Amino acid sequence: MEQKNKGKLMAHLILVVLSCWFGVAQGAVGLKTGKVSVKTAGEMPAPVLLAIENLQSDFQKVMGFRPELNPATASPTELLIVNDAVGTPEGIEPLQGAEAHAVTCDGSHRIVVHGSDMRGTIFAIYTVSEQVLGVPPLWYYCDWKPVRRSSITTNINVYFDEPQVRFRAWFPNDTDLFTPWRALSKDNNEKWLETMLRLKLNCVELETTVGYPDYKMTDEAMMVSRMGIVLTSHHHVALNNSFARWDEYWREVRHQEPPKPSIHRLLDLIEFWTYNVKTVHQSGIENLWQVTFRGRGDQPFWAFFDDAPTTDKERGEVITMMMQIQVDLIKQITGEEDPYVRTTFYDEMSNLLAQGYIQPPKGKNMVWTYVAARRDHYPNDDVVNFDPSLGVKLGYYFNYQFTSTGSHLAACEGPWKMEFNYRYVNSKCPLLFSVVNAGNIREHLTELAANAKMMWSYDQYDTDRWLTDYCAQYFGQKNAKAAAQLYRDFYNAYWQPKPTEFPGLGSRQFNFQDMRYARAMDQILGRFKEYSDNPLQDIGFESVKGRTFRIQGSNQVDTLLANMQQAMKHFDIVSQRCRAMEKRIDSRQRTYFHDNLTAQAEFMAHLSHALYHFVTAYKQQDDKQTLRQNISASLDHVNAAKASLYSTHHGVFSEWYTNDRLWGFEGKLRGLQRILDETQP
């Protein structure tokens with residue numbers, strides 16, 4: 001891949017040299033307010049026109065005017081939008097490779113904004129926004145304030161080869177904050193997809209997207225398509241629908257009572273799946289198919305089908321058969337000989353695959369998607385044992401968040417861990433598909449931006465270098481190195497409850513994330529008066545003993561106390577340094593630094609203090625004065641942790657954390673207050 005990229009880049013450079021040789025001068029172009037227009041070379045698809053509208057809005061933000069699209073009379077400066085898929089003007093050499101794009105100053109009055117296809121053209125348009133106008137990809141999320149300019153001179157000449165990972169996806173999951181926020185406005189509902197495109201991502205993973213009863217996709221799926229983004233499905237969703245909507249299909253489409261789900265009534269299953277495939281196909285949506293056989297929601301199929309077999313071997317045989325039926329239906333209905341299809345080895349699918357009981361479909365465009373280990377995210381045994389000679393494409397699903405025990409309200413996994421995971425997996429076989437579980441998105445913006453950059457080009461990506469560039473873009477060049485170090489120190493402040501086991505991963509294989517704090521407090525609150533040195537238990541359906549908390553040693557209470565003392569010290573120091581850094585950052589960029597780093601560091605500092613005092617009270621509850629002092633301190637710190645997050649409420653995010661349900665501030669505050677009330681002198 002690296003040699004291929006170098007060859008294409010050399011070809012592009014030769015084209016640039018030849019254009020100069022034959023009299024097309026490469027030089028600076030001046031943009032002046034009211035003196036710029038946008039021209040399209042041919043009829044552009046709707047997603048490209050939408051990107052052009054956003055470019056016009058970016059001009060409005062920065063230069064105070066909207067360039068006219070295809071005006072009757074030429075402007076002094078022209079942005080020529082070229083999409084090779086609809087035609088390449090004479091004198092411009094077509095680009096090679098999916099999503100390749102270039103932005104080039106062509107003479108003294110024109111900038112050629114050039115893509116090899118629809119998305120390449122979109123990416124070229126947003127490259128102008130970022131590199132010429134200075135609009136950062138995360139502008140909607142980072143409280144960006146433009147520096148108004150009446151003129152800009154640019155000599156931009158950049159070329160981007162096709163990405164090394166063809167499908168690059170986000171999966172918003174456990175969206176307790178994101179879903180109500182999206183409902184507040186049209187911009188909230190759509191701008192996160194625009195942000196993806198500005199970062200040069202091209203795929204969204206959603207849950208059910210098939211509608212009833214008239215072969216219509218959901219509004220959300222159609223919105224994704226209008227943006228020019230590929231749609232794919234969650235790991236418990238086969239063919240864009242799940243058994244959670246089995247009953248609805250029979251009632252709303254077939255107007256009958258649902259038949260009892262049975263693995264032996266194949267005709268019922270095939271009818272259900274056929275409707276799903278036809279709906280997607282007729283919609284014209286660009287869809288990366290997902291095949292699987294799981295239950296009603298995120299559960300194994302034997303929890304839904306009463307007649308499921310009871311042995312792992314037989315269960316694997318059923319899954320193998322059902323996935324092949326689904327692949328055959330896709331081929332039959334779409335007429336494609338080798339459609340892009342993925343399957344995801346999650347939970348029981350991973351276990352059965354590792355045992356050799358599942359034989360997933362194979363094919364030229366079949367993508368086997370492996371999943372990072374649960375709760376702590378590193379390459380799982382199944383991908384470690386992957387055989388590249390199988391002749392399939394490789395995909396990887398990485399969790400930045402994990403709401404039962406992981407990172408939810410504060411980033412934790414970090415871009416270095418992401419880089420290690422993806423480099424390891426890519427060493428097995430070049431990736432075709434990537435998806436990162438992003439939760440509510442806002443908490444993981446830095447990590448998500450890092451992933452987007454790496455998925456475009458493994459060869460050029462380095463986390464340390466990227467992070468410094470990122471900090472320069474969002475917090476100013478003079479603050480870049482110091483801010484990058486603060487990010488590193490923030491991630492390293494987390495307690496590592498278990499030593500690293502995976503070779504080469506470093507010191508952060510296991511992290512005590514904010515949802516582990518939440519679980520620990522909930523479990524102890526639930527039986528506070530029944531003291532035990534080891535009060536924390538694995539949560540339900542935990543298939544690996546000790547995986548829920550990863551706490552080592554024979555006494556959980558003493559281990560928590562010792563390590564919370566260290567964690568609160570480290571987070572306190574990072575928080576203090578962040579506050580000092582804020583004073584040095586330009587006021588236009590300060591808010592995002594506060595929201596993305598300072599508030600998260602303060603949140604984790606207060607959680608560490610809160611858990612320390614709470615566990616101290618739990619251990620010394622026979623001493624009522626000590627108990628009350630520490631419960632009161634814990635209560636104060638939980639309130640302060642909540643306040644840290646609420647300090648990020650402004651603008652479009654003025655109500656963001658008011659919908660917290662999963663971490664559960666109110667329940668913990670009530671529990672702590674109840675202990676105080678019950679122990680009044």
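Leu231 stands opposite Asn287 of strand β12. This model is predicted, and residues are numbered from 1 along each chain as its sequence is written; local features need pLDDT of at least 70, side-chain atom pairs count only at pLDDT 80 or more, and totals for chains, interfaces and linings use all residues.

Strand β11 (residues 230-233) and strand β12 (residues 287-290) are joined by two bridges in the parallel sense. Strands count as paired if DSSP finds at least two bridges between them. Strands (E, at least two residues) and helices (H or I, at least four) are DSSP runs, numbered from the N terminus. Strands of a sheet pair through backbone hydrogen bonds, either parallel or antiparallel.

Both strands belong to a closed barrel of eight, in the order β9-β10-β11-β12-β13-β14-β15-β16, with parallel pairing. From one strand to the next the twist averages 25°. Angles run from 0 to 180 degrees between N-to-C directions, and axes are lines fitted to C-alpha atoms, for helices over the stretch in contact (heavy atoms within 4.5 Å). Helix α12 (residues 415-428) lies across β15 (393-399) and β16 (431-437), and its direction is at about 165° to β15.

The largest cavity is lined by Tyr141, Arg442, Glu443, Leu445, Tyr592, Asp595, Asn596, Gln600 and Tyr657. A cavity is a set of points, on a 1 Å grid over the protein atoms alone, where a 1.4 Å probe fits but cannot get out; lining residues have an atom within 4 Å of a point. Helix α18 (residues 587-619) gives the largest share of this lining, four residues.

Conventions
Heavy atoms only, no water. 1 Å grid on protein atoms, 1.4 Å probe; cavity = no way out; pocket = protein on both sides within 12 Å on 5 of 7 lines; lining within 4 Å.
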